[in-house]
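Hello,

Here is the structure I promised to hand over. Please open it next to this email and follow along.

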Amino acid sequence: MFIEVEGARLFFDCVGSKLAIAGEKMAERPTLIVMHGGPGFDHSTLRPFFDRFADSHQVLYLDHRGNGRSGGAPETWTLKQWGRDVKALCDALGIERPHVYGNSFGGFVAMAYAAQFPDHPAKLILSSTAARMNLGATYRMMEERGGGEARKIAEDFWTATDAANMDDYIRVCMPLYNPKPNPNEVAARKRAIVKPQMTQHFIMGEMRSMDARAGLARIKCPTLVLAGRYDPVTPPECAEEITALVEDSELHIFEEAGHGVHRDAPERAEKIMRAFLQGGEA
């Protein structure tokens with residue numbers, strides 16, 4: 001489905017109903033907005049895992065502006081605007097007090113949204129993300145897992161991103177994001193819409209100066225922070241920094257996981273997220 005938001009045509013999709021039958025009444029369920037990583041990918045990389053939350057939520061997937069199926073002029077591809085898009089989308093669809101999940105780059109967007117509109121989200125989940133990049137740790141961990149070739153490709157990619165080294169990075173470095181091969185992730189990447197120009201735009205631009213630490217102190221809602229011990233892109237130190245700055249936050253580090261903890265530890269990730277979303281103990 002498409003909707004015009006802040007001058008851009010955005011794609012979103014929903015799994016599960018907003019209203020559930022409860023005997024003689026219709027009960028409203030919370031909306032869980034699920035935001036993908038990248039940048040330059042689409043929401044399909046997070047499916048079908050998050051479809052399972054449709055038993056308790058209306059699950060709304062969003063392709064960020066300029067990503068996937070969504071449009072938007074390149075001059076509007078900024079974290080501030082991506083954060084504004086989340087609020088504007090909710091306003092247009094009548095969604096109040098959403099639960100918001102952001103993975104990796106989607107976490108950057110979630111932080112930008114919650115910092116600008118601290119009274120809007122009911123709950124926030126930040127998974128495998130960072131307030132600022134720690135590329136020194138990334139290069140070190142890439143070398144530990146993939147040797148000198150992986151480190152060289154990672155340095156080339158993060159220093160001067162282009163189509164050629166993006167292909168090398170996807171081939172050599174992305175398999176190192178997680179401690180063991182995952183056929184589901186290989187299939188997810190193949191079905192995703194990939195826009196290298198978006199990846200290059202962000203990495204060579206705003207990502208270099210990105211620092212969300214000041215905004216984190218403005219976040220008011222309960223926040224769950226998830227990280228994988230084997231994540232070379234947003235290592236646990238990044239999650240620890242976020243947790244220290246968000247007042248009402250809790251941190252779970254998955255010793256058996258890498259980037260995107262739901263990929264390596266799906267049962268535990270689901271249990272922790274469900275407990276948080278439902279207000280119980282993880």
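**The strand in the middle of things**

Five of the five residues of strand S5 are buried, so S5 is largely enclosed by the rest of the structure. Keep in mind that this is a predicted model.

Which residues cover the two faces of S5? On one side sit Thr31, Ile33 and Met35. On the other sit Leu32 and Val34. These residues are all buried.

Now look at the partners of S5. Strand S6 pairs with S5 in the parallel sense, over five bridges.

**The whole sheet**

Strands of a sheet pair through backbone hydrogen bonds, either parallel or antiparallel. In this model eight strands form an open sheet. Trace the order S1-S2-S6-S5-S7-S8-S9-S10. The pairing is mixed. Which strands are at the edges? They are S1 and S10 (249–254), and each pairs on one side only. Neighbouring strands of the sheet are turned by 20 degrees against each other on average, direction ignored.

S1 and S2 run antiparallel, joined by four bridges. Val5 stands opposite Ala8 in S2. Between these two strands is a loop, and Glu6 is in that loop. Glu6 has a positive phi of about 50 degrees, although it is not a glycine. Is Glu6 buried or partly exposed? Glu6 is partly exposed, because its relative accessible area is 37%, and buried would mean under 20%.

Helix H8 (residues 236–245) lies across strand S8 (123–127), strand S9 (223–228) and S10. H8 runs at about 170 degrees to S10.

**Two cis bonds in one loop**

Follow the chain out of S5 (31–35). The loop between S5 and S6 (58–62) holds Pro39. Pro48 is in the loop between S5 and S6 as well. From Gly38 to Pro39 the bond is cis, with omega near -5 degrees. From Arg47 to Pro48 the bond is cis, with omega near 10 degrees.

**The cavity**

Rolling a probe the size of a water molecule over the atoms shows where empty space is left. How many cavities of 30 Å³ or more are there? The count comes to one. About 420 Å³ of space lies in the largest cavity. It is lined by 28 residues. The closest to its centre are Gly38, Phe41, Ser104, Met174 and Tyr177. H2, H3 (135–159), H4 (163–173), H5 (183–191) and H6 (196–203) each supply at least two residues of the lining.

Ser104 lies in the loop between S7 (99–103) and H2 (105–116). Ser104 has a positive phi of about 60 degrees, although it is not a glycine. Ser104 is buried, because its relative accessible area is 9%, under the 20% cut-off.

Last stop: the loop between H2 and S8. His120 lies in this loop. His120 is buried, with a relative accessible area of 12%. Which side chain makes a polar contact with that of His120? It is the side chain of Tyr113, at 2.6 Å. Leaving out residues up to four places away in sequence, His120 touches Lys87, Cys90, Asp91, Ile95, Arg97, Pro98 and Tyr113.

Pro118 is in the loop between H2 and S8 too. Pro118 is buried, with a relative accessible area of 18%. Pro118 and Ile219 are 101 residues apart in sequence. In space they are 5.2 Å apart, C-alpha to C-alpha. Pro118 touches Arg218 and Lys220, again not counting residues up to four places away in sequence.

Best wishes

Conventions. Residues numbered from 1 in each chain as written. Predicted model: local features only at pLDDT ≥ 70, side-chain atom pairs only at ≥ 80, totals over all residues. Heavy atoms only, no water. Buried < 20%, exposed > 50% of the residue type's maximum accessible area, 1.4 Å probe, protein only. Pairing = 2+ DSSP bridges. Axes fitted to C-alpha atoms, helices over the stretch in contact; angles between N-to-C directions. Contact = heavy atoms within 4.5 Å. Polar contact = N/O pair within 3.5 Å; in protein donor to acceptor, adjacent residues only side chain to side chain. 1 Å grid on protein atoms, 1.4 Å probe; cavity = no way out; pocket = protein on both sides within 12 Å on 5 of 7 lines; lining within 4 Å. Points joined across faces, edges and corners; volume = space filled by probe spheres on them.
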